[in-house]
Amino acid sequence: MRLLSFFLLLLGISISNAQQIDLEKIFEEKNLGPVGELLAHGDYELVARIGEAAATKGLKSPDWRILRFKALREMGHIEQALEEAGKALVVFPGHFEILLLRHDLAQMLGRADVAAAALKGLNDAAKTKPAKDRTAMESVMLGRAAVLLGADAQKVITQYFKLAQSKDAKLEAAYLAEGNLALDKDDAQRAADVFRAGLKAHGETADLRLGLAKAFQSSDREKAGENLKQALELNPHLAAAHLLRAEQLIGGEKFIEAEAAIQQVLDQDENHPVAWALRAVVAYLFQADAGKMEDARQHALERWAKNPEVDHTIGRCISRAYRFAESAARQRQALEFDPKYLPAKMQLCNDLLRLGEEEEAWKVADMIRKEDGYNIQAHNLAKLEKEMNGYTTQTFDDFILKMPKREWPIYGARALALLRDAKTVLGAKYGMNLKRPVLVEFFGAQQDFAIRTFGALGGQGMLGVCFGTVVTMNSPGSLAQGRNNWESTLWHEFCHVITLTVTNNRMPRWLSEGISVHEERQRDPAWGMWMSERYRGMVLDEETLTPMSRLSSAFMAPKTQHHLLFAYYESSQAVEFLLEKFGQDKFQGILHDLANGKRINDAIAANVGSIEEIEKQFAQYIIAKAKSFGAKADWNEPKPEDLNPFDAGSFTEFLKKHPNNLWALRKQTETRVEAKKWSEVLPLADKLIELLPDSYDEDSGYALKVQALRQLKHTDEETAVLRQIAAKSSSAQSSFLRLIELDLPAKRWPEVKANAQRSMALNPFLVTPQRALAAASAALKETPEAIAAYERVLILDPGSAQTHFKLAELLRPSDATQAKQHLLDSLALAPRNREGLALLAEWK
């Protein structure tokens, strides 16, 4: 209805000149806003027609033409929009927004001369209009132009974008300009704040929601997904939103869905360069067809033969699939097209880091900083480089290890030994002899690990990452560690080195992660992931259990951290199923076919059967495992009618009728624990162990039994149960330390040594297990191991006279000079130590 006056105008109703002027003003006031809304909701063809009609009728506002140019741009009519923008400048000379639009359109076509002329025209126009007379939109246009001309981004934000927001708090363009600039500089947090402020001030728009989706892309996938969904609801034809969704789907290996999202854009703009670039990625990763990839790439370059965004986009996306060398080559090609294209430089820097080419990566990061002082990622890399310059680097024929200097003597030798063991075991198993040393880096601070690994802060909860022949790890002493077994993580990551190399980095994520978790279990029964109560429930939940062909998507946007962990577990079970049912040779055949370019479903079909049949068999396999876990237990919670909260005997009666009901047993146990009736807790703990014999979680029957036995001072029985837990759980630190406490006085040295090593696999910076390992090794006549352990104790506890004395005793037969120095250090700390004085007397 609000467009009625416009259609009356189209009908050519004649009016007097005075009336025409008044009606035209009223018409524009009432209809420019609604037509702008049509544009915002994706009605591009209608907006283009309205803009054309308005121009033909000679309407005075330039906004009609601007709306038309934007609509033509979204439909892919770039040449036409550029030509019409040139003509519009004859009617509206020096118009800021038309000039910047002309620049943007010329850039899309690679017309550098036209783009430069438009910027010059905008600069000249700005000189004729005092700052106080400029509108908020004109401030935004000048700010964007200033950025393009190389102005300091922070000053532009203050002097132009913030100024525009103060002049017109509801101006969407002001928030989009600032937020997108922050995104360009990898300042995602600031971008999110700006887009949220824009939504609050202006209201819902697809572009602001899209900005938020991009801002959350690396830090919160759930929020990114929510905002992207809202953007597409507001504008179902927003090309940038469909392209972002396509990238997300490619990352989750949902290639068919990604192709559909790409087609949505191409239906609207058949020559869209980024859409064709993403189609090239799908051809490469999904179809393994280099010819189709290059054909799509050439389509992407039709509009502009030297568009750097095309190869940059292809490289950035295949880099996420571990094709770092190929991505680096794409970035170099993009930089040949445009040596100043910073996104390609930043991606090249990241690819070089993941390839282990750190020296060149630091140089590229330095170049970026010199060209762009605001780039957050480049700034973070400068701090990381400075930090890593203080690291120790230990170089061997097969491995290069980097870590904080203080940490090498604590766990460096153990890490090297474990890596060499993994190389021998896994290399032989998968038929891979690595021809170059593997770079393994440990980071003392989680933020350094995140910057080195992801290029940005974040990644909390991640312990290690493999990039082929480069592995990054959170240090065992960092805040990210302590409750997680760094040794099993290192084994897991090195397994990726082997399998990624075997397959030429051509394996789906589920298979890669599944093999690594499986190999953890093969190395140590306490490592890896096993069926648990939580996983049982998730397996039996049809919505959570993912078909094998779509397992990689389970890693993409998990609802919770538990869903992510379940993706690892389910993937490992899929690997175990394939190995158990078809054997190692058939499984190796799948990997070899992947290396030769086959898609995963085709590789499975060629070696073991159709993916549809395999999926059915795997579902049966894992569901059977879930049902066998706690098969004797009653997993149902009582219904309201089963219990009367006002009748104390109701619960007792329910438990009599359902003696295996886990819910009721745990409720009764909680009551007994609260009352500290430990003798009554024991039979309940035994019942839980009977029902769930394979559960060793913190709230398991075993843990409950240990608690009760300790309170009852039944030390021998407590020790026996603790040993069961220690043998089955790699993260039971309290059990390891308690066993050390119990076994040391009894001089059960093999047990002391075993649990000291288990404890150190969680945190090697604890003095107690290091000292226990030293004592056990000395008692077992393992002198070199004892010396090394005592030396680590000295680093962690340098004021220990007893440690110096022990080292003096152990070193005396092989290194009298060093032994005497330790003895003197011991006496300096404890001058009255009789053992030390007696040993000193023997030297005289």
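Buried means under 20% relative accessible area, and exposed means over 50%. Keep that cut-off at hand for the exercises below, which all concern a predicted model.

**Exercise 1. Decide whether Gln347 is buried or exposed, and list its contacts from elsewhere in the sequence.**

Step 1: Gln347 sits in helix H20, which covers residues 342–354.

Step 2: Apply the cut-off. The relative accessibility of Gln347 is 10%, so Gln347 counts as buried.

Step 3: Collect the partners. Once neighbours within four places in sequence are set aside, Gln347 is in contact with His312, Arg316, Ser319, Ser327, Gln331 and Arg354.

**Exercise 2. Work out what surrounds Ala174.**

Step 1: Locate it. Ala174 belongs to helix H10, residues 172–184.

Step 2: With a relative accessible area of 0%, Ala174 is buried.

Step 3: Look beyond the residues up to four places away in sequence. Ala174 then touches Val140, Phe161, Ala164 and Gln165.

Step 4: From C-alpha to C-alpha, Ala174 and Tyr160 lie 8.6 Å apart, with a sequence separation of 14 residues.

**Exercise 3. Find the polar partner of the Arg209 side chain and describe the setting of Arg209.**

Step 1: Start with the helix. Arg209 is part of helix H12, which spans residues 206–215.

Step 2: Classify the residue. Arg209 has a relative accessible area of 14%, and therefore it is buried.

Step 3: Identify the polar contact. The Arg209 side chain pairs with the side chain of Asn227 at 2.7 Å.

**Exercise 4. Describe the second largest pocket: its volume, its lining and the helices that supply the lining.**

Step 1: Begin with the idea behind the search. Rolling a probe the size of a water molecule over the atoms shows where empty space is left.

Step 2: Give the volume. The second largest pocket holds about 710 Å³ of space.

Step 3: Count the lining. The second largest pocket has 33 lining residues, and those nearest its centre are Arg414, Glu487, Gln757, Met760 and Leu773.

Step 4: Assign helices. At least two lining residues come from each of H23 (408–430), H25 (486–502), H35 (715–728), H37 (749–760), H38 (767–779) and H39 (783–796). Helix H23 gives the largest share, with seven residues.

Terms used:
Residues numbered from 1 in each chain as written. Predicted model: local features only at pLDDT ≥ 70, side-chain atom pairs only at ≥ 80, totals over all residues. Heavy atoms only, no water. Helix = DSSP H or I, 4+ residues; strand = E, 2+ residues; numbered from the N terminus. Buried < 20%, exposed > 50% of the residue type's maximum accessible area, 1.4 Å probe, protein only. Contact = heavy atoms within 4.5 Å. 1 Å grid on protein atoms, 1.4 Å probe; cavity = no way out; pocket = protein on both sides within 12 Å on 5 of 7 lines; lining within 4 Å. Points joined across faces, edges and corners; volume = space filled by probe spheres on them. Polar contact = N/O pair within 3.5 Å; in protein donor to acceptor, adjacent residues only side chain to side chain.
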